[in-house]
Amino acid sequence: MWKFTTKQCLYNRYYESFCQFKAAIDDCLSKVSSTFSEQIKTLLKPNFQLFPKSANVTA
């Protein structure tokens, strides 16, 4: 999600203050369920890579 957010609102942009920087991130995150919903659906898929347990792993 952070990679998407940085690409949408931070990449190649300059903000005068931290408040503007934070507002840009908040604005982007508030649009996730509306404006960016289709893009987010393609990124957040439940495809996880599972690794078999190794007998040599020690804690």
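Let's start with the core. This is a predicted model, and its largest nonpolar core has nine residues. They are F4, C9, L10, A24, I25, C28, V32, F36 and I40. Which elements give two or more residues to this core? Those are α1 and α2.

Leave aside residues up to four places away in sequence, and F4 touches F36, Q39, I40 and L43.

Now the helix pair. Helix α1 covers residues 2-10, and helix α2 covers residues 18-30. They pack at an angle of about 115°. Their axes lie 9 Å apart. The crossing is right-handed.

Who meets whom? On the α1 side we have W2, T5, Q8, C9 and L10. On the α2 side, F21, A24, I25, C28 and L29. By type, that contact has eight nonpolar residues, two polar and no charged.

Last topic, charges. How many salt bridges does the structure hold? One. K31 pairs with D27, and the closest N and O atoms are 3.3 Å apart. Why can such a pair form? Because side chains of opposite charge can pair when their charged atoms come close.

K31 has a relative accessible area of 31%, so K31 counts as partly exposed. D27 is at 39%, so D27 is partly exposed too.

Conventions. Residues are numbered from 1 along each chain as its sequence is written. This is a predicted model: local features need pLDDT of at least 70, side-chain atom pairs count only at pLDDT 80 or more; totals for chains, interfaces and linings use all residues. Side-chain values use heavy atoms; hydrogens and water are left out. Axes are lines fitted to C-alpha atoms, for helices over the stretch in contact, and angles run from 0 to 180 degrees between N-to-C directions. Helices (H or I, at least four residues) and strands (E, at least two) are DSSP runs, numbered from the N terminus. A crossing is left-handed if the near helix is turned anticlockwise from the far one by less than a right angle, and right-handed if clockwise. Contact means heavy atoms within 4.5 Å. Ala, Val, Leu, Ile, Met, Phe, Trp, Tyr, Cys and Pro count as nonpolar, Asp, Glu, Lys and Arg as charged, and the others, Gly among them, as polar. A nonpolar core is a set of buried Ala, Val, Leu, Ile, Met, Phe, Trp, Tyr and Cys residues joined through side-chain atoms within 4.5 Å. Buried means under 20% relative accessible area, exposed over 50%, partly exposed in between (1.4 Å probe, protein chains only). A salt bridge is a side-chain nitrogen of Lys or Arg within 4 Å of a carboxyl oxygen of Asp or Glu.
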